[in-house]
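Here are a few exercises on how two chains meet, each with a worked solution. Have a go before you read on.

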Protein chains: 2
Amino acid sequence: MTKTTVAALKNTASQLDGQTITLSGWVRTVRDSKALGFIELNDGSCFSSIQIVFTEEKLENFKQIAKLSVGSAITVEGTLVLTPGARQPYEVQAECIAIEGDCPPDYPLQKKRHSFEFLRQMAPLRPRTNTFAAVFRVRSLCAYAIHKFFQERGFVYVHTPIITASDCEGAGEMFQVTTMDLNDIPKDGEGNVDYGQDFFGKQANLTVSGQLNVEPFALSMRSVYTFGPTFRAENSNTPRHAAEFWMIEPEIAFADLDDDMALAEDMVKYIINYVLEQAPDEIAFFNQFVDKGLLERLKNVAGSDFGRVSYTEAIELLQKSGRNFQYPVAWGCDLQTEHERYLSEEVFARPVFVTGYPKEIKAFYMRMNEDGKTVAAMDLLVPGIGELIGGSQREEREEVLVSRIEELGMRKEDYTWYINTRRYGGCKHAGYGLGFERMIMYLTGMSNIRDVLPYPRTVGTAEY
Amino acid sequence: MTKTTVAALKNTASQLDGQTITLSGWVRTVRDSKALGFIELNDGSCFSSIQIVFTEEKLENFKQIAKLSVGSAITVEGTLVLTPGARQPYEVQAECIAIEGDCPPDYPLQKKRHSFEFLRQMAPLRPRTNTFAAVFRVRSLCAYAIHKFFQERGFVYVHTPIITASDCEGAGEMFQVTTMDLNDIPKDGEGNVDYGQDFFGKQANLTVSGQLNVEPFALSMRSVYTFGPTFRAENSNTPRHAAEFWMIEPEIAFADLDDDMALAEDMVKYIINYVLEQAPDEIAFFNQFVDKGLLERLKNVAGSDFGRVSYTEAIELLQKSGRNFQYPVAWGCDLQTEHERYLSEEVFARPVFVTGYPKEIKAFYMRMNEDGKTVAAMDLLVPGIGELIGGSQREEREEVLVSRIEELGMRKEDYTWYINTRRYGGCKHAGYGLGFERMIMYLTGMSNIRDVLPYPRTVGTAEY
């Protein structure tokens with residue numbers, strides 16, 4: 001007798017014909033007619049379920065099993081039988097079935113198909129459905145693919161801090177972190193909050209990006225990356241915004257914008273290839289039920305050379321497109337999703353990097369180009385979604401960096417340690433950010449960020 | 001000419017004798033005598049530095065290079081020369097050296113050895129030192145080893161939420177997360193804070209553990225794990241406490257405490273073997289300069305069968321030890337580090353699992369044993385540190401779980417969704433928690449948690 005899993009059987013079943021095995025899992029469906037019944041059992045080890053055949057002849061508790069509710073946990077001991085020609089290549093003929101945990105009739109996941117909105121009300125049960133088991137397995141594989149990609153290239157994974165006393169982007173809506181009693185906030189002599197009495201002795205927030213913190217590690221250990229949660233207290237109730245999401249931020253020293261784009265291109269292709277290879281059942285499921293063009297689009301991205309176009313050229317392409325965009329196009333404007341999708345889907349029909357954005361619409365740390373008007377920034381636009389990655393070469397010239405900080409009215413003294421990284425053997429370096437959930441949405445075709453996060457946090461929602 | 005790295009040369013140097021290569025990195029030391037000089041160059045790609053030989057004959061900027069400050073970033077073009085018999089197997093004879101970024105004389109990292117306390121004042125520069133480059137490379141490799149271990153076994157990586165409205169342990173000092181203006185907190189009719197007006201519409205905190213959130217994923221996807229930041233607002237200024245740290249929490253369905261211990265034992269050995277294999281230079285460095293017994297201890301742990309002893313037996317062993325412990329030993333007491341180290345170092349001389357703790361000193365979700373007094377908990381004690389891992393089989397019986405919650409005076413309605421996981425096809429399951437920084441300290445011999453975190457957050461400290 002072998003205790004095994006449905007995933008393991010994929011490799012071992014052909015050698016186990018006629019042998020006794022044990023499986024534990026959850027009942028997806030039960031059918032019975034008189035003395036014979038069938039259970040579709042999913043044991044969580046992979047996307048597929050397995051068919052269990054049970055008979056009154058073999059089971060003492062036949063009647064109880066035939067009445068089992070969907071969702072019950074059981075352990076099955078039985079004979080594995082190869083069934084060549086049948087829809088499933090093998091099944092289990094049960095010798096005995098033990099109930100590990102039954103499930104009351106009010107179990108919310110009945111056999112019928114439920115809407116994503118309905119399932120969003122029950123985050124702890126969602127992974128029992130085909131769709132969400134597939135989403136969360138792809139999420140896990142994608143996370144691992146990212147680590148594997150960077151580790152194989154000698155990158156060092158850096159845990160930048162979650163709690164921070166500085167704000168990377170110089171603005172942004174941040175969550176404040178405190179241990180003060182909000183019913184009795186300590187005040188200073190002038191009646192303001194006395195942060196000196198808070199846990200960290202100063203005002204503290206949740207990070208919006210690990211970039212400024214990871215740059216010094218690139219300026220020491222050369223090739224590094226972050227992968228951690230980031231936070232935005234944006235009051236946006238859209239399918240693309242969450243208050244808590246995960247981000248990957250590689251940073252490379254002795255590297256320019258071209259190196260940065262080459263790395264991003266390699267990474268995206270690596271992730272797609274890894275997920276296609278490791279989760280073929282899941283991707284086939286998404287392609288059939290969630291997004292018909294998914295598989296073709298992913299294969300196209302993995303197989304194409306990404307395009308490169310300057311922002312200035314991109315604006316010209318958009319202006320002469322003859323399209324009636326909702327947001328008008330002019331040099332200096334930020335690209336909207338409709339523009340990004342037009343460029344990647346219709347002009348290039350593949351992913352495309354747009355480079356050299358006007359400094360006004362990009363962050364202070366991006367390297368100023370010779371023209372004094374644009375910065376060495378890049379956004380990667382992909383068909384079906386628009387912007388997937390944003391990055392830049394960093395301003396390594398201390399005096400230029402400082403003048404940008406001053407120009408933007410930021411407090412220079414808040415950035416002393418960051419500016420010092422340019423003084424102490426600073427060098428050319430670059431990096432980018434990948435929104436992890438954006439990548440998962442791209443890999444699965446799921447269109448709401450709430451459906452790719454295990455427990456989404458959005459305005460008004462922090463359940464469980 | 002090949003642009004390469006010191007790490008890559010380890011494999012390729014023997015084929016590159018006499019060839020021109022390019023390296024970029026940071027100056028660790030410069031020595032010169034008249035027309036000849038030597039630079040120790042570290043390029044961040046690995047622990048080792050490489051020797052650059054430069055001469056007045058070759059370099060136009062010889063004098064400038066000879067005066068380079070420690071910490072400067074340079075690019076060297078030169079000839080790789082194998083030097084059989086020398087201390088280093090190869091060196092680079094420079095054809096030209098370009099300064100990427102110089103470094104002023106006030107650079108805090110001079111050639112002399114600095115104390116860890118001193119370096120703690122400058123988190124962004126620490127990774128330029130041997131010790132911290134080694135710590136953070138081991139940290140990265142250890143993180144990857146953990147992912148690799150679980151992914152190879154089919155575990156699903158789950159991102160449990162950072163912001164939460166519930167407190168896993170039923171107590172604990174938590175950080176509050178808010179977007180309210182602390183100078184003008186909205187109040188309700190009774191003068192209390194009106195959390196209805198906060199971002200999430202209720203009071204929210206930073207997570208202290210992902211366990212309760214990950215259990216439903218084990219009860220769907222079988223074998224899962226978390227790896228993310230957790231937070232404790234403990235006012236403890238000790239070498240072992242940080243307010244922000246990372247934790248790994250695997251959770252396995254259809255598994256009991258024995259399965260849990262087997263998993264933990266396999267994981268610890270896997271991590272150690274991976275790090276010994278991937279970071280031999282770093283571990284040798286720690287063994288020489290930080291903790292003389294490190295390597296032997298790690299090899300001993302990786303090679304031994306972990307012991308198993310019940311809490312009740314452990315108490316007896318401690319009582320008859322004849323030792324004069326600072327904390328007295330009696331059945332019912334929590335084990336202190338001195339007790340844990342005595343057991344693992346002197347009684348067992350290897351890692352040992354202690355099982356079956358009194359319910360009073362363990363959490364509500366741990367499975368009650370038959371005796372009604374102890375729970376199916378386990379702690380893994382290791383030589384040199386004490387507790388490394390804590391875990392348990394979870395209470396899967398709804399009525400027992402509810403009565404524990406009520407017994408402890410916790411609000412049952414706060415745990416409705418969690419209790420429901422026992423109603424809807426619940427089953428036997430188990431899991432454990434590994435403090436990531438504890439593991440890094442164990443792997444490196446570093447004795448202060450502040451020295452294994454890139455940017456430590458402790459009482460009064462949230463710099464950078």
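Two strands pair if DSSP finds at least two bridges between them, and strands are DSSP runs (E, at least two residues), while helices are runs of H or I with at least four residues, numbered from the N terminus. We're working on a predicted model, where local features need pLDDT of at least 70, side-chain atom pairs count only at pLDDT 80 or more, and totals for chains, interfaces and linings use all residues. Residues are numbered from 1 along each chain, chains are lettered from A, and side-chain values use heavy atoms, without hydrogens and water.

**Exercise 1.** Find how strand β9 of chain A and strand β9 of chain B pair.

*Solution.* Go to residues 176-178 in both chains: the two strands run antiparallel, with 3 bridges.

**Exercise 2.** Work out the extent of the contact between chain B and chain A.

*Solution.* Start with residues that touch (heavy atoms within 4.5 Å): chain B supplies 104 and chain A 103. Next comes buried area, the accessible area (1.4 Å probe) lost on putting two parts together, summed over both. That's about 8500 Å², 62% of it from carbon and sulfur atoms. On the chain B side, B:His159, B:Phe199 and B:Tyr424 lose the most area to chain A, together 9% of what that side buries.

**Exercise 3.** Look for salt bridges across the interface of chain B and chain A.

*Solution.* Apply the rule (side-chain nitrogen of Lys or Arg within 4 Å of a carboxyl oxygen of Asp or Glu), and you get 6. One of the salt bridges joins A:Arg423 to B:Asp106, at 3.3 Å from N to O. Lastly, helix α4 (residues 130-152) of chain B gives the most to the side of chain B that touches chain A, with 11 residues.
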